[in-house]
Structures are given as C-alpha cells and as structure tokens.
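User: I'd like to learn how to read a few features of a protein model. Could you walk me through them one at a time?

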Amino acid sequence: MKREKKQLLRIVVAFALFAVAMILYKLTPLRSIAEVGEGWNVGDYRFYLYALPFIASYVIAGYDVIRKAVRNLLSGRLLDENFLMVVATFGAIALLDLPEACGVMIFYQVGELFQRYAVGKSRRSIAALMDIRPDIARVLRSGEEVVVSPEEVEIGETLLLRAGERVPVDAVLLSEEGTFDTSSLTGESLPRTSVSGEEVLSGSINLGGEVRLSASQKYENSTVRKILDLVENATAKKAKSENFITRFARYYTPIVVIAALLIALIPPIFTSEWGEWIKRALTFLVVSCPCALVISVPLSFFGGIGGASKKGILVKGGSALERLAEADGFLFDKTGTITEGRFSVVEVYPSERAEEILAAAYIAEGASNHPIARCVSRYAPRVDREGYEVREIAGRGVVARKGEEMILVGNARLLKEEKVTFEERESAGSVLYVVRNGVYLGSVTVADTPKSNAREVIASLKGEGCRTIMLTGDREFAAAAVAAEVGVDEYVSELLPQDKAAWVERYMKERGGKGSVCFIGDGINDAPVLATADVGVSMGGVGSDAAIEASDVVLMKDDLSSIIEGRRIARKTTRIVRENIVVALGVKVLVLLLTALGVTSAFAMWLAVFADVGVAMLAILNAMRTLR
Amino acid sequence: MKKVYEMTDLCCASCAAEIEGDVRKIEGIALCNVNFIMQKMTLEIAEGADEAKVIKALCKAVRRVEPDCDLVEVKG
C-alpha cells in the first residue's frame with residue numbers, strides 16, 4: 001500500500017533525526033544546559049541545538065496525529081487516541097523531556113503502522129473468503145466470443161466458460177458434461193458434476209475444460225448476486241457486544257479523564273511534585289485509550305461471518321451470530337428439513353412380488369402428477385401403459401381399465417368399498433393397495449423419510465444441552481413416527497403453516513429470558529416463522545427472496561450438520577470476543593494501576609504506548625482465529 | 001436512489017462505524033451502510049432530495065472522520 005510506505009518512510013526519517021538528537025544530547029556538552037527539568041533556556045543558542053532536532057523529529061513523526069487531534073477537538077470529538085497522544089507528549093515537552101516526547105511519538109506511530117497493517121491484512125483475508133464475484137462473462141454474439149461484464153448478459157445468451165473461470169450468471173449447461181467447484185457457494189468441497197440441461201449456479205468455478213452454458217437469469221437475479229448482497233450487508237445489524245463497546249466508551253472516557261485530573265491535582269497538594277504527577281496523569285491517559293477493543297471486536301465478528309460463509313453458512317451480521325451462539329432451543333420444521341421433503345417407496349409387500357405390484361401401480365398412476373404417484377413411477381419398471389383408460393376417485397385412488405382388465409390402486413377405504421379382501425398394513429407413510437381384476441396383489445408404502453444424518457445432528461444438539469422440537473402440519477400418527485426415528489425431545493403435529501409463527505411466539509414467551517430460540521426451515525412457506533424466532537435459519541440454498549429476507553442465517557448446503565457447524569463458529573467467535581474484552585481491559589487496568597502508583601515511572605510512557613498498541617495487536621491476532 | 005461507493009484507505013472498523021453514524025444523520029439520506037471488510041458504502045438517497053447537496057455533505061462527513069478516504073462510485 002502506498003500510504004503504508006509513506007508512513008514507514010516518515011518513521012524512518014523521524015527516527016534518524018531522533019538518533020542524531022540523542023547523540024548530540026548524550027555525547028556533547030549540550031547536556032549540561034539541557035538537563036531534563038532545567039526549564040526553557042531560551043537565551044542560550046546551545047539550547048536550540050539541543051531542542052531543534054528533537055522537535056523536528058517529533059513533528060515529522062507526529063504531525064498527522066496533531067492535525068487529527070486538533071480537527072477532532074474542533075468538531076467536538078474529544079478524547080480520541082490522537083488527542084490523548086498529543087496531550088501526553090505536549091506535557092512531556094512542557095516538562096522539557098524532549099527525548100521522551102519524541103521517542104514515544106515515534107513508538108506510537110510504529111505501533112499504529114503495525115496495527116494498520118494487521119487490520120488491512122485481516123480485512124483482505126476475510127474479503128478474499130467472500131470473494132465470489134465473477135469478473136467477466138464470455139458470451140457468443142453473432143458467432144463471436146465477446147467479453148462483457150456479468151451485468152450485460154441477457155437471458156438465453158450462450159456463455160463460454162474456460163477452465164478456472166467463474167460462472168457469471170445462473171445458467172443451464174449446454175455441453176454434455178461439466179465439473180464445477182461450488183465450495184464458495186455451498187461449502188461443499190467435493191466438485192460437482194453436471195450434465196447437459198442441468199442448472200449451474202453462478203459463482204461456481206469450472207474445473208474441467210471449456211464448456212458452454214445458456215444464461216437462465218440476469219446477473220441481478222442470479223445466486224451469486226443474492227449471496228453477495230447478503231454477505232456485504234451483513235454488518236448492518238450490530239451485535240450486542242459491539243453496542244456494548246459504544247455504550248462502554250460513553251462511561252469509560254469521562255471516568256478516565258476525571259481519574260487523570262485527580263492524579264494530576266490531588267497528590268501534588270501534599271508532595272508538591274507537580275511535574276511528576278502531571279506526567280503520571282498524562283501516561284494514565286495514554287494507557288486508557290480503548291483501541292484494542294474498538295478494533296478487535298468488530299474484526300472478530302467479521303472473521304466469524306467470513307469463516308462461516310466459507311462453509312456455506314451465511315450469517316446476517318454480528319447480532320445474528322451472537323444469538324446463534326446463545327441458542328439452546330432448536331425448532332425444526334419437519335418436511336424438507338428433518339426429512340428429505342420428497343416421497344420414496346419404503347416398502348413393497350409382499351416383497352417377492354414387488355416387480356409385479358409396482359408395474360401394476362405404474363399403469364394406474366403413471367400419468368398422475370400427484371407427488372405419491374410420481375414417486376411410485378420413479379421406482380416402477382417401465383411397462384406399456386398404452387390403451388388404459390384411467391379414472392381418479394377423489395380421496396380414494398385410481399382405476400385403470402383396458403378391455404376386461406381392471407387395475408385398482410388406492411387406500412384402504414377404496415378397497416373396502418370395492419369389497420376386496422386384503423391385508424391392512426400399519427405404517428407412518430401412505431399405503432397404496434394394488435388390486436388387479438379383483439385379486440389383491442399387495443401394497444406399496446410411500447413415505448417422506450428423515451435425512452440420513454438427522455438423528456445424529458439432533459443427538460449432538462441434545463448432547464450440548466439444547467432442547468429439540470419438531471414442528472409439522474402432518475397428522476399425529478406420521479409426526480410421532482418421524483419424531484421417534486430422529487429422537488427429538490418433543491414434537492407438535494397438525495400445525496397449519498399460518499399457526500406455526502403463533503406457536504413459536506407462544507413458546508418463546510413461555511420459556512422466558514435466557515438463551516435464544518432457533519428455527520430451522522427450508523424457507524418454503526415459513527417466512528413468518530423465520531422472522532419470529534430469535535434466529536431464523538433457512539436451509540438449502542438461496543431459495544425464495546422472502547425467506548432470505550426473513551432469515552438470519554442461510555445454509556447453502558441442504559445438510560442439517562451445517563447448523564452444528566454454524567453454532568460452533570458462532571460460539572467460538574463470541575468466546576474470542578469475550579477473551580479480547582477481558583484481556584484488553586485487564587492489561588489496561590493493570591498498567592493504569594502501576595502508573596498511578598508510580599511503579600513504572602522511569603519508562604511509564606513507553607509502557608503506556610505498548611499497553612495500548614501491543615494489546616491491540618494481540619487482540620487483532622486473536623480475532624483472526626475466528627477465520628479458522 | 002441507491003448508490004454504492006468504494007471507500008479507499010478506510011483503515012479502521014470504528015471509523016467505518018463512525019462514518020456510518022454521521023452519514024445517516026445527513027438530511028436526504030434514507031439509508032447508509034458502511035461495510036469495512038468490503039470497504040464499501042451503500043447509500044439510499046431519499047426521493048426528492050437535492051442529490052448534489054447530499055453528496056457534498058456526504059464527502060464532508062467522510063473526510064472529517066478519515067481525511068485520506070476517497071469515495072469512488074461503483075456502477076451497476
């Protein structure tokens with residue numbers, strides 16, 4: 001950075017001057033006329049030989065500090081670090097301790113430079129984590145490849161994507177096959193292979209050779225833009241700890257100033273060592289500067305948010321991260337969150353005749369768009385359905401006829417009405433009974449099954465003392481079966497979508513103040529609940545805009561274990577923030593006490609600057625741990 | 001009207017927060033969000049406000065906190 005180089009040069013020049021001044025002062029007869037505390041010997045030309053190199057060095061090192069201090073003073077912004085430094089060093093100058101005034105200023109600037117470097121580096125590494133913005137788009141226009149910005153791509157245009165390039169807008173793959181790295185979108189580290197006709201999300205990186213895609217969205221509606229908007233505006237909601245710092249400064253600064261005044265004025269009444277006590281008071285002011293806190297707390301939150309987004313967990317701001325860390329009540333939506341959200345055939349009974357049963361079911365259900373029917377079709381062998389006349393019987397099932405042949409597929413009620421003898425099956429899912437020409441063949445059970453790691457995730461949350469509750473609109477019977485299978489503490493069934501938010505609100509009121517309540521849903525129809533809960537988590541990528549708007553956390557990967565990962569990152573971040581607050585304040589208080597007691601008087605101001613800058617550096621380094 | 005600015009040489013998070021607070025107080029600014037990590041400011045200028053005047057006040061507010069900080073408008 002240009003600015004950092006300039007700063008460094010200034011410090012080097014100031015330090016060289018400082019060295020010259022020190023040599024003149026220590027090794028020449030100047031010393032005799034310029035002892036500290038001698039007073040301003042303005043009549044003697046040798047005094048200027050002593051003072052001028054120091055003053056020049058001081059001005060070169062600290063002119064911007066003085067400028068900022070004056071400007072802030074004029075705009076009514078008292079007591080920032082610049083002002084404190086100026087007061088402290090001017091005090092030393094007034095006491096004619098020029099080496100100290102000058103040395104401390106240089107030391108302070110070195111510290112500032114380090115600090116700025118560290119902050120800049122941390123900031124850039126967090127920004128790099130979030131950098132998923134595609135820079136260019138190659139489109140085929142009238143047969144020629146043109147490079148444009150992603151914003152200029154129109155829907156339906158053909159995109160060319162070389163190896164290593166980012167997909168600029170959401171698109172459909174035209175080439176036969178392509179391999180994409182979606183890790184910056186979903187946190188999923190395995191590359192994803194897509195075939196022709198499949199949707200490819202913008203922001204993924206092409207790992208294979210050149211592929212062609214057809215743009216299916218404008219840039220502003222593409223996934224990558226939605227994620228960027230979310231992440232870039234994430235800092236809007238400040239965390240409680242961040243607000244704590246602001247509130248804290250409001251009381252802290254006046255207290256410190258009053259304490260400094262007391263140190264400067266009270267003890268000298270008894271000892272009449274005015275110079276010494278004023279110096280202690282000035283040192284006290286330098287130590288008191290709260291920059292370590294002011295810098296490290298927001299940085300820790302940024303780091304946490306950045307680290308989470310790398311894992312495909314998008315957190316909207318420090319406040320959401322903090323509430324996620326506190327969460328001890330986890331409410332899960334059932335369909336699509338705990339379960340796969342689509343039906344699968346879980347049983348064909350009797351299994352020896354599975355082929356025949358499924359084939360018959362397919363003939364009757366093959367044309368239907370009902371989710372259960374579609375599921376059966378997925379599992380069934382492709383038999384010829386030509387010539388069958390299919391009729392639906394509402395609430396019961398389907399009848400298919402072709403000449404003499406008649407196939408009945410439906411629930412128990414249908415079979416009872418048709419007076420077919422059959423064996424009733426007990427199941428949490430939906431059971432379809434299949435009858436051909438009046439003869440009962442068997443049954444197909446279709447259910448929405450829990451995700452493979454649902455049980456594990458719930459157990460892990462319970463192991464950490466969290467309460468887990470499943471909310472669903474399903475019937476009691478089906479809800480109980482899933483609840484038992486995944487092991488949630490509690491479940492609530494037959495809850496209409498519009499009643500869920502009210503239920504969550506009541507639940508939050510009943511459980512009282514401590515901790516927070518986290519609701520996890522798939523973002524379909526549950527925007528009100530996402531908004532109601534302390535932490536609304538929507539799962540499975542950037543779905544509807546309403547869900548993104550309402551939720552505090554968006555899990556890009558359709559994987560329940562992300563919630564555990566997210567909670568871990570959130571807890572780690574808040575722990576680091578607390579560590580920083582405690583360590584920074586602890587060191588300050590310690591140095592303040594030592595200074596006030598005069599234990600450190602020989603090198604007090606140096607120590608003061610170190611306590612300020614050194615602790616800030618430590619806090620920044622600690623804050624960067626949130627990234628890992 | 002929405003505007004996005006890149007902020008060069010914005011060196012500390014607390015300055016960013018301070019700028020954000022100050023800019024929000026400017027008349028004619030409906031919304032302001034400063035993102036220190038991205039070094040970016042997102043603004044919403046209120047309907048019917050004098051744009052030139054608002055932007056002048058904005059630059060002044062930014063300069064006051066961070067004299068070396070420049071605002072570069074990002075299009076699109």
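User: Which strands does helix α14 of chain A lie across, and at what angle to β12(A) does it run?

Analyst: This is a predicted model. In it, helix α14 (residues 371–379) of chain A lies across β12, β16 (430–436) and β17 of chain A. Relative to β12(A), the helix runs at about 60°.

User: How should I read the sheet with β12 and β17, and in what order do its strands come?

Analyst: The general idea first: strands of a sheet pair through backbone hydrogen bonds, either parallel or antiparallel. Here, six strands of chain A make an open sheet, ordered β12-β17-β16-β15-β14-β13, with antiparallel pairing. β12 (339–349) and β13 (389–393) of chain A are the edge strands, each pairing on one side only. On average, and ignoring direction, neighbouring strands in this sheet are turned by 20° against each other.

User: How many bridges join β12(A) to β17 of chain A?

Analyst: Seven bridges join β12(A) to β17 (residues 439–450) of chain A, and the two run antiparallel. To find one of them in the viewer, go to A:Phe343, whose bridge partner in β17(A) is A:Asp448.

User: Now a helix: is α9(A) largely enclosed or open, and why?

Analyst: In general, an α-helix has 3.6 residues a turn, so residues three or four places apart point the same way. Helix α9 (residues 274–288) of chain A has 15 residues and spans 21 Å from first C-alpha to last, close to the 21 Å expected at 1.5 Å a residue. Eleven of the 15 residues of α9(A) are buried, so the helix is largely enclosed by the rest of the structure. Among the buried ones are A:Trp277, A:Lys279, A:Arg280 and A:Phe284.

User: And which residues touch the most other members of the largest nonpolar core?

Analyst: They are A:Ala361, A:Val376 and A:Cys518, in a core of 190 residues. Helix α22 (residues 604–624) of chain A gives this core its largest share, 13 residues. Beyond its neighbours within four places in sequence, A:Cys518 is in contact with residues including A:Leu324, A:Phe330 and A:Val535.

Note on methods:
Residues numbered from 1 in each chain as written. Chains lettered and ligands numbered in written order. Predicted model: local features only at pLDDT ≥ 70, side-chain atom pairs only at ≥ 80, totals over all residues. Core = buried A, V, L, I, M, F, W, Y, C linked by C-beta atoms within 7 Å. Buried ≥ 20, exposed ≤ 12 C-beta atoms within 10 Å, placed from the backbone. Helix = DSSP H or I, 4+ residues; strand = E, 2+ residues; numbered from the N terminus. Contact = placed C-beta atoms within 7 Å. Expected span 1.5 Å × (residues − 1). Pairing = 2+ DSSP bridges. Axes fitted to C-alpha atoms, helices over the stretch in contact; angles between N-to-C directions.
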